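Reader: I have a model open on my screen and would like to understand the words used for it. Could you take me through them?

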Amino acid sequence: MKKYTYTDKKDTRSGFGAGLLEAGKRNPNVVALCADLVGSLKMDAFIKEFPERFQQIGIAEANMIGIAAGMTIGGKVPFTGTFANFSTGRVYDQIRQSVAYSDKNVKICASHAGLTLGEDGATHQILEDIGLMKMLPGMTVINPCDYNQTKAATIAIADHHGPVYLRFGRPVVPIFTDADQKFEIGKAWVVNEGVDVSIFATGHLVWEAIKAGEKLAEMGIDAEIINIHTIKPLDEEAILKSVAKTRCVVSAEEHNRLGGLGDSIAQVLIKHDPVPMEYVAVNDSFGESGTPDQLMKKYGLDDENIIKAVQKVLQRKGK
Amino acid sequence: MSTTVYPNETKAAAGSNIDTEKLKEVASQVRRDIVRMVHGCQSGHPGGSLGCTDFLVALYFKIMKHDPAFHMDAVGEDVFFLSNGHISPVFYSVLARSGYFDAKELATFRKLDSRLQGHPTTHEHLPGVRIASGSLGQGLSVAIGCALAKKLNKDNSLVFTLHGDGELQEGQIWEAAMFAPHNKVDNLIATVDYNGQQIDGPTDKVLSLGNLKAKWEAFGWDVIEAEHGNNMEEVVKTLELAKSRTGQGKPVCILLKTAMGAGVDFMMGSHKWHGVAPNDEQLAAALAQLPETLGDY
């Protein structure tokens, strides 16, 4: 198992804030919109640097999506910011008609995704957003794993023409990817090469997969760990290449098991190379109040649950 | 042989000297197009389309500065957004008749593989359409975004929108209505097609709109009322007045009273023709009331 260490921890939303500032410096057409959550989305630095290119919308997310769509007419590249729940479910039809169906170059940037939002509870912890967004034709869906990757992804989507859903989170998590990485949309990152099982993880679950991989190595299991930061378009080639070697799969995501990364991978396997697969995901339920660590444990999204899933899928594989 | 009013011209209209009689001729042809399109596919929305014909003809043939060569970003051009997308027949006819595409294509309305979808979309790359609409309540937000982009680009052209009065029952309209005055979006003219009708009946019965003028004014808009939205002279005058009130710190709202189905006597003033196509006899009766001025497609 390749050794991953970290010296610093930060929230992925701060990676978004840093990436937005950088994207703004590189492209004068980048504009930002926020629905009364500037501090939570870490947009302060962008606003300070480019006050005229920031639009405070107030608590009116539907209006924000429409305004963003309109600003693309005239060449702007709008980044909208609010919590993941209010970025997707609350404004699904606005995104569907005014952004996706209208082919508008809007970047929907969503913080506080999943259970790790914590104490605010299920009203704010959306676990269905990846599914909602990936079902929209033409929508790119990205869920980076740490501060550096989120920053790089934010810069990359400014250069990509078309609607994007960028999902990130609230808690402080280890920084283990390179600061100067080049983020390639749709290109999976092989975190660790292995032969016994393929663990495909996204978002906060990538670090959990690394922790699981280290413990599995001690148990004599050589896990391949792949970071699927782009859920759509999915890197089918990387998935099939890994599976050809390992012959079994565990998917890991902070999302409902219905409609998330696991389902996207399962579709690829069913069509090309059916092998045993286990999901690490929320089992079709809402979340609840608690600390992020407590919730990830209770809902089965930590390294221990990845290890259990690996053991189960290896049994099914017949090892 | 169908014709356009501005063949081979760019940057049409904008204070153009076209006289009101000519505008009325165009409106008659557009009304013929509407009933023929809706008859041709036996679906669509003739009532609101006929009611808004005079407004859209005045806008595209006299008021707006626009280029039928069609550039999505509309730099230096006035822009129109149709928020109540179900009145697509009038929008398509006016676009075709002002040179965005060949009027012959109107025959494909709502048919398989057409660029003229039931509700307008950019998806099929129909020139003249900049946003999909149909799911109601979204167009005012989009127009505000376009107006904000124009201000950032130091482009002093204007943004126009049209909304159904029933559409004002959507909450997003009022999110947008609150936003525009706060942010002094004063390069925007939003018009309400105030015909008092919606699918299930009169708006007063379905969900009363109350005092619309007071509502828009309370939100901070500069409101202009027009009693006769199917009188071309009054429509032109109202739009020119609205233009003169832009750039003064407030968005402008026109409450335009129209008659659903205007121009075809048996369709007028009733919600029953909101979304119903005429049969062969009704088509003939309608066309008999509408002189063919530019040639049918």
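Reader: How do you know which residues of chain A are in contact with chain B?

Author: Happy to explain, with the reminder that this is a predicted model. Two residues are in contact if their C-beta atoms lie within 7 Å. By that test, 23 residues of chain A are in contact with 27 residues of chain B. On the chain A side, the elements that give two or more residues are helix H4 (61-71) and helix H6 (92-100). H4(A) gives the most, with eight residues.

Reader: What makes up the side of chain A that touches chain B, by class?

Author: That side divides into nine nonpolar, eleven polar and three charged residues.

Reader: Why are residues such as Gln94(A) and Ile95(A) in H6(A) called buried?

Author: A residue is buried if 20 or more other C-beta atoms lie within 10 Å of its own. Gln94(A), Ile95(A), Gln97(A), Ser98(A), Val99(A) and Ala100(A) are buried in H6(A), so each of them reaches that cut-off. Their cover includes H4 and strand S5 (107-111) of chain A, and also helix H5 (139-152) of chain B.

Reader: Why is H1(B) called roughly perpendicular to H9(B)?

Author: Helix H1 (residues 20-41) and helix H9 (residues 232-244) of chain B pack at an angle of about 110°, and their axes are 10 Å apart. Angles of 65 to 115 degrees count as roughly perpendicular, so H1(B) is roughly perpendicular to H9(B). Thr20(B), Leu23(B), Lys24(B) and Ala27(B) of H1(B) make the contact with Met232(B), Glu233(B) and Val236(B) of H9(B). By class, this contact has four nonpolar, one polar and two charged residues.

Reader: Which residues have the most contacts inside the largest nonpolar core?

Author: Val310(A), Ala58(B) and Ile144(B) do, in a core of 194 residues. At least three residues of this core come from each of domain 1 (9-174) and domain 2 (189-317) of chain A. Leaving out residues up to four places away in sequence, Val310(A) touches Val197(A), Leu216(A), Ile221(A), Ala223(A) and Val250(A). As a general point, nonpolar side chains tend to be buried together in soluble globular proteins.

Reader: How do domain 1 and domain 2 of chain A touch, and how many residues are in contact?

Author: Here 27 residues of domain 1 are in contact with 31 residues of domain 2, while the C-alpha centres of the two domains lie 25 Å apart. The domain 1 side of this contact divides into 13 nonpolar, ten polar and four charged residues.

Definitions and conventions:
Residues numbered from 1 in each chain as written. Chains lettered and ligands numbered in written order. Predicted model: local features only at pLDDT ≥ 70, side-chain atom pairs only at ≥ 80, totals over all residues. Axes fitted to C-alpha atoms, helices over the stretch in contact; angles between N-to-C directions. Helix = DSSP H or I, 4+ residues; strand = E, 2+ residues; numbered from the N terminus. Parallel < 35°, antiparallel > 145°, perpendicular 65-115°, else oblique. Nonpolar A, V, L, I, M, F, W, Y, C, P; charged D, E, K, R; others polar. Core = buried A, V, L, I, M, F, W, Y, C linked by C-beta atoms within 7 Å. Buried ≥ 20, exposed ≤ 12 C-beta atoms within 10 Å, placed from the backbone. Domains from an automatic or database assignment.
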